[in-house]
Amino acid sequence: MGRNTRRRPRGARRATFAAVALMLGGGGLVAVNVYASATDGATGGGDRTLTDGAQPGATIDCPDVGERLTEVPDGARAEVDTELAALDQQVADAYQRLRDAAAAAPDGAVDAAEITGPLQEQRTATIERITAALARVGEPPQGLADLAACTVSTPEQAPEGEQDQEGQEDQEGQEGQEEQGGGGQAGNGPVAADYADITSVQPTAQRPRQRANASRGTFTTSCGVNENGLFNSDNIIVAPGVSNGAHHFHDYIGNQSNTAFASDEDLANAETSCENPGDRSTYYWPVLRLQNGTVERDAESPGGGIEGNAGEIVTPAEVTLTFEGSPVGEVTAMPRLLRIITGDAKAFVNGTANANASWSCTGFEDRQLKDKYPLCPDGSSVVRTFRFQSCWDGSGIDSANHRTHVAFADPEGRCPEGFRAIPQLVQRIVYDVAAPSLDDGGRTTPLFAVDSFPEQLHKPVTDHGDFVNVFDEDLMGEMVDCINSGRTCDAADLPDGGTPPGGGGGEETPDPSEEPSEEPTEEPSEEPTEQPSEEPSEEPSENPNEEPSEEPTKTEQPQQGEEQTAEPTHEQPRGDGTATASAAPKISASPAATARPSTAPAGDGGAESQAAVAAPERTGSGTEPQAVRGGLAETGAKLWPAAAGTVLLICGGVLLMRTTRGKRSV
């Protein structure tokens, strides 16, 4: 029998092709819609509380009135502090208006006078109240009225002190940030230019050489990593009695009564997270966040999501608190309730004169960044270091601008005239966070950044640390004796306020009296250690007046009294002490696998300033959008492509089934 050569009917063939086309088209619409929905919430697709459409980098630049108030009599202190907090709130409100106006304008252009005019009127009235309060108890400083005017700074007109640092943007990374509405989850930073590859950074200048009579001991206190989740947006030093005085959230360890309303008596009688109960000191710093869309309990709170501080709060992997001595002599005890702030929360607009935080990576801590977040190689963790002022004026526990009662030693380690050396607090905080994917604006691996005042745009140069000394006097005396005698002590080994049984008090270092005064104690290692136990082998200069490097690839020139460091190696130390070629920072193709612990309620829950929004239960990956967005109209607008695709898939399937049946009947 011959082969059947009848051709299939053309109508059936066309129907089959049409069915397949419908199914492919419908499937494509569904897939595209699912992908778009997933990426929308993954990196800043959550609620951008500060409107998305504003030009990235635009900010409000106002003179810092508080910096000018070097003397405020006690009779005016409370009123002045309240008015200074009002100035900060006015700037935050003006920044919100700037963002809203830019979003509403067709081309994003804003008439700056519409923002700065009303702001100047508000600031003028507030400064007049400050002047009047000072006049009632003494002579107010001249020129305060001249500080009322503010400007709107754009990316092309960065504030003074940032022009060189921010002038050259990484174009590819910037485009990725623009997809997020100007950078960051809340649209107000950070941007790609705020990060630098740590392997390209030159080693930082060494610390001052130690003299023969240096106080070489160290005293360590262990107070946890804020695993109990104590946060708020107050600042007991700068804005006592004012809720949300910081406009950003802080991590707290040590003293557990850290609110703006805590009195000195409250601090002295508080619980502490420190292993030695004789240390009730308070240690706090801005939280670090992953900008991954996670809803934190402060998402709808002032200082949190309302002011652009959005995303998952990262609990440190490690916090080390070490008190060190002076390279030129002995130290004296800190006065009880001494307040110290290091760094400047407003350095982006104030300039970098008081900027003092350092950023690095484990295994690379001889390289320190002032104005960039580090991109760490795979297997290396982010390290954040604060070296506090080590000189005290011998009289006050605070000053009007919270700076002039303490000072940094000069490059050779000497305190200014009239100041005395005190134990220097060195605060080292380690985070297990992956290098963000800058090429796509953090969509693949999220950006990380510290909380900041909204107009400071989450710049790393604004990082800062705060400390209030609430050591028992006996324990402070043990600290001083330990440091001056050259011992290595841990507060956890001591009873509350005393020496350990047997009177040891720690390991004693060799007597340095035989060493020549002009030679350093030991030669610094040219290669970084993988995980320094206390401090890196080479530290940045503790002088806060040193300007951050404009290019991280250029070697910083040592200051007077500092030695030139060796050329950097680009080798990553291994555990056996040998080195291997360092890998480039990992720009991961998938989000970091390590899950972050959920945030626990604050330790003192009843404080007025504590965020009252409970942490929602997290499911899945925990990367929910920052706030619930949209209603039925928005939902419908987002889902119609998937719905249309589903209809096309069904129609194609039905048509294909009918065509198949028709073939069988032929």
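Of the 666 residues in the chain, 53% are buried, where buried means under 20% relative accessible area, exposed over 50%, and partly exposed in between (1.4 Å probe, protein chains only). This is a predicted model: local features need pLDDT of at least 70, side-chain atom pairs count only at pLDDT 80 or more, and totals for chains, interfaces and linings use all residues. Residues are numbered from 1 along each chain as its sequence is written, and side-chain values use heavy atoms, with hydrogens and water left out.

**Exercise 1. Describe the chain as a whole.**

Step 1. Start with secondary structure. The chain has ten helices and 24 strands. Helices (H or I, at least four residues) and strands (E, at least two) are DSSP runs, numbered from the N terminus.

Step 2. Turn to contacts, meaning heavy atoms within 4.5 Å. Take those between residues at least 6 apart in sequence: 78% join residues at least 24 apart.

**Exercise 2. Find the nonpolar cores.**

Step 1. A nonpolar core is a set of buried Ala, Val, Leu, Ile, Met, Phe, Trp, Tyr and Cys residues joined through side-chain atoms within 4.5 Å.

Step 2. Locate the largest core. It holds 58 residues, and F219, Y283 and F323 have the most contacts inside it. Helix α9 (residues 473-484) supplies the largest share of this core, six residues.

Step 3. Look around F219. Leaving aside neighbours within four places in sequence, its contacts include F323, F471, L475, M479 and I483.

Step 4. Find the second core. This separate set of 15 residues includes V72, V80, L87 and L147.

**Exercise 3. How do helices α3 and α4 pack?**

Step 1. Two packed helices are described by the angle between their axes and the distance between the axes.

Step 2. Read both values. The axes of α3 (residues 74-104) and α4 (residues 112-137) come within 9 Å and cross at roughly 175 degrees. Axes are lines fitted to C-alpha atoms, for helices over the stretch in contact, and angles run from 0 to 180 degrees between N-to-C directions.

Step 3. Classify the angle. Under 35 degrees counts as roughly parallel, over 145 as roughly antiparallel, 65 to 115 as roughly perpendicular and the rest as oblique. Therefore α3 and α4 are roughly antiparallel to each other.

Step 4. Sort the residues of this contact. There are 16 nonpolar, four polar and six charged. Ala, Val, Leu, Ile, Met, Phe, Trp, Tyr, Cys and Pro count as nonpolar, Asp, Glu, Lys and Arg as charged, and the others, Gly among them, as polar.

**Exercise 4. Examine the loops.**

Step 1. Go to P190, in the loop between α6 (171-178) and β3 (195-197). The peptide bond from G189 to P190 is cis, with omega near 0 degrees.

Step 2. Check L337, between β10 (318-324) and β11 (339-343). Its phi is near 70 degrees, a positive value in a residue other than glycine. L337 has 14% relative accessibility, so it counts as buried.

Step 3. Is H247 buried or exposed? H247 is buried, because its relative accessible area is 1%. This residue lies in the loop between β5 (231-232) and β6 (250-254). Beyond residues up to four places away in sequence, H247 touches D88, E307 and F453, among others.
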